[in-house]
Amino acid sequence: MTAVVEATDLKKRYGEFTAVDGVSLRVDAGECYGLLGPNGAGKTSIIRMMYGFSPLSSGKMLLFGQDIEKDWRVIRSRIGVCQQDNTLDPDLSVEDNLAVFAGYYSIPAARARARAEELLGFFALEKKRKAKVMELSGGLAKRLMVARSLINEPELLILDEPTTGLDPQSRHLLWEKLRALQKTGVTLFLTTHYMEEASYLCNRLMIIDYGKILVEDSPQSLIKRHVGDSAIEIEGADEALRQYLEKNRINHEVMDQRIMVYAENSVAEHIRHHFCMQRCTFRPPTLEDVFLHLTGRELRE
Ligand SMILES: Nc1ncnc2c1ncn2[C@@H]1O[C@H](COP(=O)(O)OP(=O)(O)O)[C@@H](O)[C@H]1O
Ligand SMILES: [Mg+2]
(Lines give C-alpha, C1' and ligand atoms only; values in the text may rest on other atoms or scores of the structure.)
(Ligands and ions follow the chains in the order given, each with its own letter.)
Protein backbone atom coordinates (compact mmCIF):
# COMPACT_ATOMS: atom_id res chain seq x y z
CA MET A 1 0.00 0.00 0.00
CA THR A 2 1.24 3.48 -0.82
CA ALA A 3 2.00 5.52 2.28
CA VAL A 4 0.12 8.79 2.72
CA VAL A 5 3.29 10.38 4.08
CA GLU A 6 6.76 9.06 3.46
CA ALA A 7 9.62 11.23 4.61
CA THR A 8 13.18 10.05 4.15
CA ASP A 9 16.20 11.57 5.88
CA LEU A 10 14.63 15.01 6.05
CA LYS A 11 16.89 17.91 6.91
CA LYS A 12 16.10 21.55 7.42
CA ARG A 13 18.86 24.10 7.87
CA TYR A 14 18.43 27.77 8.64
CA GLY A 15 21.87 29.15 7.77
CA GLU A 16 24.37 27.30 9.93
CA PHE A 17 21.71 25.91 12.23
CA THR A 18 20.20 22.46 11.60
CA ALA A 19 16.62 22.39 12.89
CA VAL A 20 15.65 19.01 11.41
CA ASP A 21 18.43 16.48 11.27
CA GLY A 22 17.65 13.29 9.37
CA VAL A 23 14.05 12.48 10.22
CA SER A 24 12.35 9.61 8.40
CA LEU A 25 8.76 8.61 8.96
CA ARG A 26 5.85 6.90 7.31
CA VAL A 27 2.13 7.39 7.84
CA ASP A 28 -0.41 4.98 6.38
CA ALA A 29 -3.91 5.77 5.19
CA GLY A 30 -6.42 6.22 7.99
CA GLU A 31 -3.85 6.60 10.76
CA CYS A 32 -3.64 9.40 13.25
CA TYR A 33 0.08 10.11 13.62
CA GLY A 34 1.48 12.43 16.27
CA LEU A 35 4.70 14.42 16.19
CA LEU A 36 5.82 15.37 19.70
CA GLY A 37 8.78 17.26 21.04
CA PRO A 38 9.76 20.17 23.30
CA ASN A 39 9.61 23.74 21.99
CA GLY A 40 12.15 24.19 19.23
CA ALA A 41 12.44 20.44 18.53
CA GLY A 42 11.67 20.96 14.84
CA LYS A 43 7.99 19.99 14.61
CA THR A 44 6.78 23.03 12.72
CA SER A 45 9.82 22.88 10.43
CA ILE A 46 8.84 19.34 9.45
CA ILE A 47 5.22 20.30 8.94
CA ARG A 48 6.14 23.29 6.79
CA MET A 49 8.21 21.07 4.53
CA MET A 50 5.31 18.65 4.38
CA TYR A 51 2.88 21.15 2.94
CA GLY A 52 5.28 22.83 0.61
CA PHE A 53 5.71 26.06 2.56
CA SER A 54 9.40 25.61 3.22
CA PRO A 55 11.90 23.93 0.88
CA LEU A 56 13.70 20.77 2.04
CA SER A 57 17.41 21.32 2.73
CA SER A 58 17.85 17.66 1.85
CA GLY A 59 15.99 14.38 1.93
CA LYS A 60 12.72 13.38 0.33
CA MET A 61 9.07 13.96 1.09
CA LEU A 62 6.42 11.95 -0.67
CA LEU A 63 2.71 12.48 -0.08
CA PHE A 64 0.43 9.85 -1.66
CA GLY A 65 3.56 8.52 -3.32
CA GLN A 66 4.17 11.83 -5.13
CA ASP A 67 7.18 14.04 -4.63
CA ILE A 68 6.38 17.29 -2.85
CA GLU A 69 9.13 19.04 -4.81
CA LYS A 70 7.76 17.99 -8.20
CA ASP A 71 4.06 17.35 -7.90
CA TRP A 72 3.07 20.07 -5.50
CA ARG A 73 0.04 21.22 -7.47
CA VAL A 74 -1.59 17.79 -7.47
CA ILE A 75 -0.72 17.10 -3.83
CA ARG A 76 -2.05 20.46 -2.65
CA SER A 77 -5.64 19.65 -3.60
CA ARG A 78 -5.53 16.46 -1.51
CA ILE A 79 -4.29 17.92 1.77
CA GLY A 80 -5.61 20.34 4.36
CA VAL A 81 -3.41 22.34 6.71
CA CYS A 82 -4.20 23.96 10.03
CA GLN A 83 -1.17 26.07 10.90
CA GLN A 84 0.11 26.80 14.39
CA ASP A 85 -0.72 30.51 14.20
CA ASN A 86 -4.06 32.07 13.45
CA THR A 87 -4.05 32.82 9.73
CA LEU A 88 -7.74 33.73 9.42
CA ASP A 89 -8.70 37.01 7.79
CA PRO A 90 -9.67 39.17 10.78
CA ASP A 91 -11.84 41.56 8.77
CA LEU A 92 -14.03 38.88 7.26
CA SER A 93 -16.93 37.01 8.81
CA VAL A 94 -16.76 33.34 9.69
CA GLU A 95 -18.62 32.26 6.55
CA ASP A 96 -16.67 34.60 4.28
CA ASN A 97 -13.41 33.12 5.57
CA LEU A 98 -14.61 29.76 4.35
CA ALA A 99 -15.86 31.17 1.04
CA VAL A 100 -12.60 32.99 0.27
CA PHE A 101 -10.59 29.89 1.07
CA ALA A 102 -12.77 27.74 -1.19
CA GLY A 103 -11.83 30.20 -3.94
CA TYR A 104 -8.16 29.24 -3.64
CA TYR A 105 -9.10 25.70 -4.61
CA SER A 106 -11.35 26.78 -7.48
CA ILE A 107 -14.24 24.90 -5.91
CA PRO A 108 -17.44 25.72 -7.85
CA ALA A 109 -19.60 28.26 -5.96
CA ALA A 110 -22.55 25.96 -5.27
CA ARG A 111 -20.30 23.16 -4.04
CA ALA A 112 -18.32 25.60 -1.89
CA ARG A 113 -21.51 26.89 -0.26
CA ALA A 114 -22.73 23.39 0.50
CA ARG A 115 -19.34 22.40 1.91
CA ALA A 116 -19.21 25.54 4.06
CA GLU A 117 -22.66 24.74 5.47
CA GLU A 118 -21.56 21.21 6.30
CA LEU A 119 -18.47 22.49 8.10
CA LEU A 120 -20.33 25.22 10.00
CA GLY A 121 -22.67 22.50 11.23
CA PHE A 122 -19.96 19.98 12.03
CA PHE A 123 -17.95 22.47 14.08
CA ALA A 124 -20.97 24.10 15.75
CA LEU A 125 -20.24 27.47 14.18
CA GLU A 126 -23.64 28.17 12.65
CA LYS A 127 -24.66 30.80 15.18
CA LYS A 128 -21.41 32.64 14.60
CA ARG A 129 -21.51 32.62 10.81
CA LYS A 130 -21.88 36.42 10.55
CA ALA A 131 -19.41 37.21 13.33
CA LYS A 132 -16.13 38.84 12.39
CA VAL A 133 -13.07 36.74 13.14
CA MET A 134 -11.80 39.53 15.43
CA GLU A 135 -14.77 38.88 17.71
CA LEU A 136 -14.15 35.16 18.10
CA SER A 137 -12.76 33.52 21.22
CA GLY A 138 -9.61 31.41 20.86
CA GLY A 139 -11.63 28.19 20.85
CA LEU A 140 -13.98 29.40 18.11
CA ALA A 141 -11.13 30.73 15.99
CA LYS A 142 -9.36 27.39 16.19
CA ARG A 143 -12.52 25.54 15.23
CA LEU A 144 -12.85 27.82 12.23
CA MET A 145 -9.20 27.21 11.32
CA VAL A 146 -9.78 23.46 11.34
CA ALA A 147 -13.08 23.84 9.46
CA ARG A 148 -11.34 25.96 6.83
CA SER A 149 -8.59 23.37 6.39
CA LEU A 150 -11.29 20.85 5.44
CA ILE A 151 -12.95 22.95 2.74
CA ASN A 152 -11.39 20.91 -0.09
CA GLU A 153 -12.30 17.56 1.51
CA PRO A 154 -8.67 16.58 2.04
CA GLU A 155 -7.52 12.98 2.43
CA LEU A 156 -4.69 14.11 4.71
CA LEU A 157 -5.22 16.73 7.39
CA ILE A 158 -2.09 18.31 8.89
CA LEU A 159 -2.56 20.09 12.21
CA ASP A 160 0.17 22.05 13.99
CA GLU A 161 -0.78 22.32 17.68
CA PRO A 162 -4.52 22.44 17.01
CA THR A 163 -5.47 22.71 20.67
CA THR A 164 -2.75 24.83 22.26
CA GLY A 165 -4.22 27.44 24.55
CA LEU A 166 -7.78 26.12 24.31
CA ASP A 167 -10.11 25.69 27.27
CA PRO A 168 -10.92 22.06 28.17
CA GLN A 169 -14.38 22.15 26.58
CA SER A 170 -13.06 23.40 23.25
CA ARG A 171 -10.21 20.94 23.35
CA HIS A 172 -12.44 17.95 24.01
CA LEU A 173 -14.88 19.03 21.31
CA LEU A 174 -12.04 19.23 18.83
CA TRP A 175 -10.84 15.77 19.87
CA GLU A 176 -14.28 14.35 19.13
CA LYS A 177 -14.34 16.05 15.75
CA LEU A 178 -10.89 14.78 14.83
CA ARG A 179 -11.86 11.26 15.85
CA ALA A 180 -15.01 11.50 13.75
CA LEU A 181 -12.94 12.67 10.79
CA GLN A 182 -10.56 9.77 11.21
CA LYS A 183 -13.56 7.41 11.18
CA THR A 184 -14.52 8.76 7.77
CA GLY A 185 -11.09 7.75 6.49
CA VAL A 186 -9.17 11.03 6.76
CA THR A 187 -5.51 10.54 7.69
CA LEU A 188 -4.37 12.87 10.47
CA PHE A 189 -0.90 14.21 11.16
CA LEU A 190 -0.67 16.42 14.20
CA THR A 191 1.69 18.02 16.66
CA THR A 192 0.72 18.66 20.25
CA HIS A 193 2.12 19.49 23.66
CA TYR A 194 -0.70 17.65 25.38
CA MET A 195 0.30 14.08 26.10
CA GLU A 196 -3.24 13.17 27.04
CA GLU A 197 -4.32 14.33 23.60
CA ALA A 198 -1.64 12.31 21.86
CA SER A 199 -2.56 9.22 23.89
CA TYR A 200 -6.22 9.65 23.08
CA LEU A 201 -5.96 10.44 19.38
CA CYS A 202 -2.79 8.94 17.98
CA ASN A 203 -2.35 5.39 16.73
CA ARG A 204 1.36 6.00 16.52
CA LEU A 205 3.63 8.85 17.38
CA MET A 206 7.18 10.05 17.18
CA ILE A 207 9.05 12.04 19.80
CA ILE A 208 11.79 14.25 18.40
CA ASP A 209 14.29 16.53 20.10
CA TYR A 210 16.94 18.83 18.65
CA GLY A 211 15.75 17.82 15.18
CA LYS A 212 16.41 14.11 15.72
CA ILE A 213 14.17 11.09 16.27
CA LEU A 214 14.11 9.77 19.84
CA VAL A 215 11.40 7.11 19.60
CA GLU A 216 8.44 6.04 17.50
CA ASP A 217 5.63 3.63 18.42
CA SER A 218 2.06 3.43 19.69
CA PRO A 219 1.43 5.35 22.93
CA GLN A 220 0.84 2.13 24.88
CA SER A 221 4.02 0.46 23.63
CA LEU A 222 6.08 3.54 24.43
CA ILE A 223 4.75 3.59 27.97
CA LYS A 224 5.35 -0.11 28.46
CA ARG A 225 8.87 0.04 27.03
CA HIS A 226 10.16 3.24 28.60
CA VAL A 227 8.47 3.49 31.96
CA GLY A 228 7.05 0.05 32.76
CA ASP A 229 4.01 -0.83 34.86
CA SER A 230 4.00 1.77 37.55
CA ALA A 231 5.08 5.33 38.27
CA ILE A 232 5.93 5.83 41.93
CA GLU A 233 6.48 9.18 43.52
CA ILE A 234 8.32 8.97 46.83
CA GLU A 235 8.65 11.99 49.09
CA GLY A 236 11.55 12.38 51.49
CA ALA A 237 13.36 9.36 50.04
CA ASP A 238 16.23 8.01 52.11
CA GLU A 239 19.68 6.77 51.20
CA ALA A 240 18.68 3.10 51.35
CA LEU A 241 16.15 3.59 48.57
CA ARG A 242 18.66 5.41 46.40
CA GLN A 243 21.14 2.61 46.85
CA TYR A 244 18.51 0.01 46.03
CA LEU A 245 17.57 1.88 42.83
CA GLU A 246 21.18 2.36 41.73
CA LYS A 247 22.22 -1.18 42.54
CA ASN A 248 19.32 -2.74 40.64
CA ARG A 249 19.53 -0.20 37.81
CA ILE A 250 15.94 0.81 38.20
CA ASN A 251 14.72 3.69 36.11
CA HIS A 252 14.36 6.75 38.33
CA GLU A 253 14.80 10.48 38.55
CA VAL A 254 15.92 12.37 41.61
CA MET A 255 14.22 15.73 42.08
CA ASP A 256 14.41 18.37 44.81
CA GLN A 257 12.03 16.86 47.32
CA ARG A 258 11.15 13.54 45.81
CA ILE A 259 12.15 10.61 43.66
CA MET A 260 10.20 9.37 40.66
CA VAL A 261 10.58 5.67 40.01
CA TYR A 262 9.37 3.85 36.91
CA ALA A 263 9.17 0.14 37.53
CA GLU A 264 7.75 -3.27 36.80
CA ASN A 265 5.08 -4.63 39.13
CA SER A 266 7.46 -6.78 41.20
CA VAL A 267 9.79 -3.85 41.89
CA ALA A 268 6.84 -1.60 42.69
CA GLU A 269 5.68 -4.12 45.31
CA HIS A 270 9.16 -4.30 46.81
CA ILE A 271 9.25 -0.52 47.12
CA ARG A 272 5.78 -0.46 48.62
CA HIS A 273 6.83 -2.81 51.40
CA HIS A 274 10.33 -1.59 52.12
CA PHE A 275 10.63 2.07 51.25
CA CYS A 276 7.25 3.66 51.69
CA MET A 277 7.61 4.88 55.27
CA GLN A 278 6.69 8.40 54.27
CA ARG A 279 4.49 9.45 51.38
CA CYS A 280 4.36 7.25 48.30
CA THR A 281 2.02 7.66 45.38
CA PHE A 282 1.53 4.81 42.96
CA ARG A 283 -0.17 5.51 39.64
CA PRO A 284 -0.34 4.07 36.13
CA PRO A 285 2.41 5.57 33.98
CA THR A 286 1.43 7.98 31.21
CA LEU A 287 2.86 9.25 27.97
CA GLU A 288 3.88 12.37 29.89
CA ASP A 289 6.26 10.22 31.96
CA VAL A 290 7.79 8.87 28.75
CA PHE A 291 8.11 12.36 27.31
CA LEU A 292 9.75 13.88 30.38
CA HIS A 293 11.96 10.86 30.84
CA LEU A 294 13.26 11.06 27.27
CA THR A 295 13.48 14.83 26.82
CA GLY A 296 14.37 15.87 30.35
CA ARG A 297 12.85 18.41 32.67
CA GLU A 298 14.85 21.51 31.80
CA LEU A 299 12.97 24.45 30.36
CA ARG A 300 13.68 25.06 26.68
CA GLU A 301 12.69 28.67 26.14
N1 LIG B 1 12.72 30.65 9.76
C2 LIG B 1 13.62 30.31 10.69
N3 LIG B 1 14.85 30.83 10.72
C4 LIG B 1 15.76 30.48 11.64
N5 LIG B 1 15.54 29.58 12.62
C6 LIG B 1 14.30 29.02 12.65
C7 LIG B 1 13.28 29.36 11.70
N8 LIG B 1 12.19 28.61 11.98
C9 LIG B 1 12.50 27.88 13.06
N10 LIG B 1 13.76 28.11 13.46
C11 LIG B 1 14.46 27.47 14.58
O12 LIG B 1 14.45 26.07 14.32
C13 LIG B 1 14.21 25.34 15.53
C14 LIG B 1 12.98 24.48 15.34
O15 LIG B 1 11.85 25.32 15.27
P16 LIG B 1 10.39 24.75 15.04
O17 LIG B 1 10.40 23.84 13.88
O18 LIG B 1 9.46 25.90 15.00
O19 LIG B 1 10.19 23.90 16.39
P20 LIG B 1 8.86 23.41 17.13
O21 LIG B 1 7.71 23.58 16.19
O22 LIG B 1 9.15 21.98 17.47
O23 LIG B 1 8.73 24.24 18.36
C24 LIG B 1 14.09 26.36 16.63
O25 LIG B 1 15.33 26.48 17.26
C26 LIG B 1 13.74 27.64 15.90
O27 LIG B 1 14.19 28.76 16.60
MG1 LIG C 1 5.91 24.62 16.39
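The model on display is a predicted one. Phe 64 is not a glycine, yet its phi is positive, at about 55°. Its surroundings may be shown next: Phe 64 has 18 C-beta neighbours inside 10 Å and therefore counts as partly exposed.

A second residue with a positive phi may be selected in another loop. Ser 106 lies between α3 (94-104) and α4 (109-122). The phi of Ser 106 is near 50°, a positive value in a residue other than glycine. Is Ser 106 buried or exposed? Ser 106 counts as exposed, because 9 C-beta neighbours lie inside 10 Å.

Please select ligand 1 and display the residues around it. These are Tyr 14, Phe 17, Ala 19, Gly 37, Asn 39, Gly 40, Ala 41, Gly 42, Lys 43, Thr 44 and Ser 45. Two elements, β2 (17-27) and α1 (43-50), each give two or more residues to this shell. Which of the elements provides the largest share? That element is α1, with 3 residues.

Remain with helix α1 and select Ser 45, which is found in it. Ser 45 counts as buried, because 22 C-beta neighbours lie inside 10 Å. For residues beyond four places in sequence, display Lys 12, Ala 19, Val 20 and Ser 54, with which Ser 45 is in contact. Among these, Ala 19 is also one of the residues around ligand 1. A distance may then be drawn from Ser 45 to Leu 56: the two are 11 residues apart in sequence, and their C-alpha atoms are 9.5 Å apart in space.

**The two domains**

Domain 1 covers residues 5-217, and domain 2 covers residues 228-284. The centres of the two domains, taken over C-alpha atoms, are separated by 40 Å.

**The sheet β12-β13-β11-β14**

Next, select the strands β12, β13, β11 and β14. In that order, these 4 strands form an open sheet with antiparallel pairing. Which strands stand at the edges? They are β12 (252-254) and β14 (280-283), each of which pairs on one side only. From one strand to the next, the twist averages 15°.

Strand β13 (residues 258-263) pairs with β12 in the antiparallel sense, over 3 bridges. To see residues facing each other across this pair, select Glu 253 together with Met 260 in β13, which it stands opposite.

Note on methods
Residues numbered from 1 in each chain as written. Chains lettered and ligands numbered in written order. Predicted model: local features only at pLDDT ≥ 70, side-chain atom pairs only at ≥ 80, totals over all residues. Pairing = 2+ DSSP bridges. Axes fitted to C-alpha atoms, helices over the stretch in contact; angles between N-to-C directions. Domains from an automatic or database assignment. Near = placed C-beta within 6 Å. Buried ≥ 20, exposed ≤ 12 C-beta atoms within 10 Å, placed from the backbone. Contact = placed C-beta atoms within 7 Å.
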